[in-house]
Amino acid sequence: MVNDIICFEHVTKSFGKRTILQDLNFSVKQGEFITVLGTSGSGKTTTLKMINGLETADGGRISVEGNNLANCDLVKLRRHIGYVIQSIGLFPHMTIAQNISVTPKLLKWDQKRIDQTVNELLTEVGLDPAVYREQMPNQLSGGQQQRVGVARALATNPPILLLDEPFSALDAITRQSLQKDIKALHEKMPDKTFFFVTHDINEALYLGDRVMVVNHGQIEQFASPKQVVDHPASEFVSQLLATVRQNRALWEDLK
Amino acid sequence: MLEQIIKYFENSAGEYCLYLGQHLELCFISLTAAILIGLPLGYLGSKNAYLAKICQTFSQLLRIVPSLAVIFILIPIIGTGMLPAILALVFLGLAPIVTNTIVGINEIPNSIKEVGLSLGMNEWQLFKQVIVPLALPYWLNGVKLALIEIFASATLAAYIGAGGLGTLIFTGLSLYRMDYVIVGGFSVALISFVIMVGFDLLIRKVKQNG
Amino acid sequence: MIAYWNSHYVQMIQLMVEHGQMVLSALLIALSLAIVIVFFFVQKNNWLNGLTYFFSMLYSIPSYALFALLMPITGLNKTSAIIVLTIYCEYILLRSFITGIKNVDPQYVEAGRGLGMTSRQIFFKVQLPLALPSLFSGMQLALGSTMAIATIASTISAGGLGDLLFAGLQTNNVIPIIWGTILEVVLALFWIMVLQFAKNLLESDEVKK
């Protein structure tokens, strides 16, 4: 159990009368790239937001890095967890450099260290610091903004990175190049745990070391992409896979 | 007509400056008070939907109540002069400040607040670094509307003995002295333009920086 | 309160009618003007924005000053009052009308063009009807504020419910001030509801079509 960086035990959650999660159990090892796949309303985003305490559980126990979330300082915890969201994640009133340095400033790093980190991170995500540092978010394309989002999430070198459908608002070509880059990024930092929520089955299978398929607040299957494809655990998983097969069939037909 | 106006300024520059000074003083005090009350009230309103609803209904109602009535209604109770004028003006200026503060804060998408929290901001840091800068253009717009309303109603305060540029118009109308009416009316119109254009430029600048 | 009503109701109702006439004439003039302006400039965005800004400048002039400035030109009478009120209505109407027109889905305009309508037909058969709800909201808003502003017309001897407020001020009596306010609010709410009724009627008519 030492390696379990994220652990959910019997977690339940409902908004009013609507049950979102019923008895959720899973654990994630340090360094894994987890993709969470589900339709909208399946509870996947809620699960992600519970890891950094933006949503709290009604029942059960969540622990992150061995700390029980119910009795730990959430503000401190969040500075250890990177977070990338779908669209308007960047603060519109701050430059790119300011956006990336939000958490370092909260941690009172000195300016030299902050500047250096910003430059390194921008280079890391494929943006030239000399060009982009002082630009405003609305001057960047969607794909570039999302690259900055990833850089910002990595600013304090956090052990965990949460990504909530980060690429779903982008066009197919931009999305593909970002998917490649995020996979390469994770290979470069094998100690970091990535928790990536998506509704795109191709993305989930391509990126994940393990894929968690969620439906109606329950885990249908949590296994490696190969296992999911070879041995779908439920009717729902098979249906998801059928869409991939259908596309492939169409592809073959056209060729 | 032009001669008469020039003559007025030659003879009564001191009087004019007195009225102008009174007018600006009246506006400054009332606006400051309206901001000091309106800002916290608006912030509370953004947190509490019930309070927000009350403020909204109240300011909608105030739109159709004549400002003249608001200014006059206190006279039989506390007499004439600066104090009833200031009370009435603060009251009139509150509505735009409160409603725009509420709208400004509520317009900020929830996801932006969540990002702030997940980057490790506490409530105060979130307020200072995210909510205030993003709500600022709305809030400034509220202050602009409040100032225009206060400035306009302050001209009416001449009727309750609070002085100001309205006195010129009021005297001019009753003595049928066109030079007074023109000087007073034109000054008031000009200052209103300056207020509006000035605030519009300021808001544009704030938006560009943000 | 009641005693004051009993002894003055004829005069008060007279003032209320005057007040209503002033505001409604201003609103009707402003409405026709707004339709004409938007009709002629609907394709020219710069002109529309410029005109709206022009009227917003006029709108920001305190009404008391505007009444005063018009007085040497048009005199101490109802005409001056109606001109001033029209100016205030105009800005509100233009703003809401233009927003309404801009919010009309361009698809409908395209569809109209595709069906072979002229731009005039598109304006009257597509854009105007679809922008009507926002035009009506603008009219309600304009009506409410001009009802309030019209009390100031009393200072240039144009009559209306402002006379009651000044009567109260001069006799240091709060009762006419309160009556003036109540009657003004009642009058404003009544016409706002009439407009709401007309708007609902139009909308249910649209649904039937």
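These points concern aromatic ring contacts and charge-over-ring contacts in a predicted model.

1. Searching the whole structure gives 28 aromatic pairs over all chains. One of them joins C:Phe54 and C:Phe55, with ring centres 5.4 Å apart and 70 degrees between the planes, an edge-to-face arrangement.

2. C:Phe55, at 10% relative accessibility, counts as buried, because the buried class covers values under 20%.

3. Chain C also holds a pair between C:Tyr59 and C:Tyr88. Their centres are 5.8 Å apart and their planes stand at 70 degrees, so this pair is edge-to-face; the class requires an angle over 60 degrees.

4. On accessibility, C:Tyr59 counts as partly exposed at 27%. C:Tyr88 is buried, its relative accessible area being 4%.

5. Ring pairs also connect residues of chains B and C. The cluster they form consists of B:Phe72, B:Tyr159, B:Phe170, C:Tyr64 and C:Phe166.

6. Chain A supplies two contacts between a charged residue and a ring. A:Lys183 is placed over the face of A:Tyr206, 4.8 Å from the ring centre. In the other, A:Arg210 has its charged end over the ring of A:Phe222, at 4.1 Å from the centre of that ring.

Notes
Residues numbered from 1 in each chain as written. Chains lettered and ligands numbered in written order. Predicted model: local features only at pLDDT ≥ 70, side-chain atom pairs only at ≥ 80, totals over all residues. Heavy atoms only, no water. Phe/Tyr/Trp six-rings, centres within 6.5 Å; stacked < 30°, edge-to-face > 60°. Buried < 20%, exposed > 50% of the residue type's maximum accessible area, 1.4 Å probe, protein only. Lys NZ or Arg CZ within 6 Å of the ring centre and 35° of its normal.
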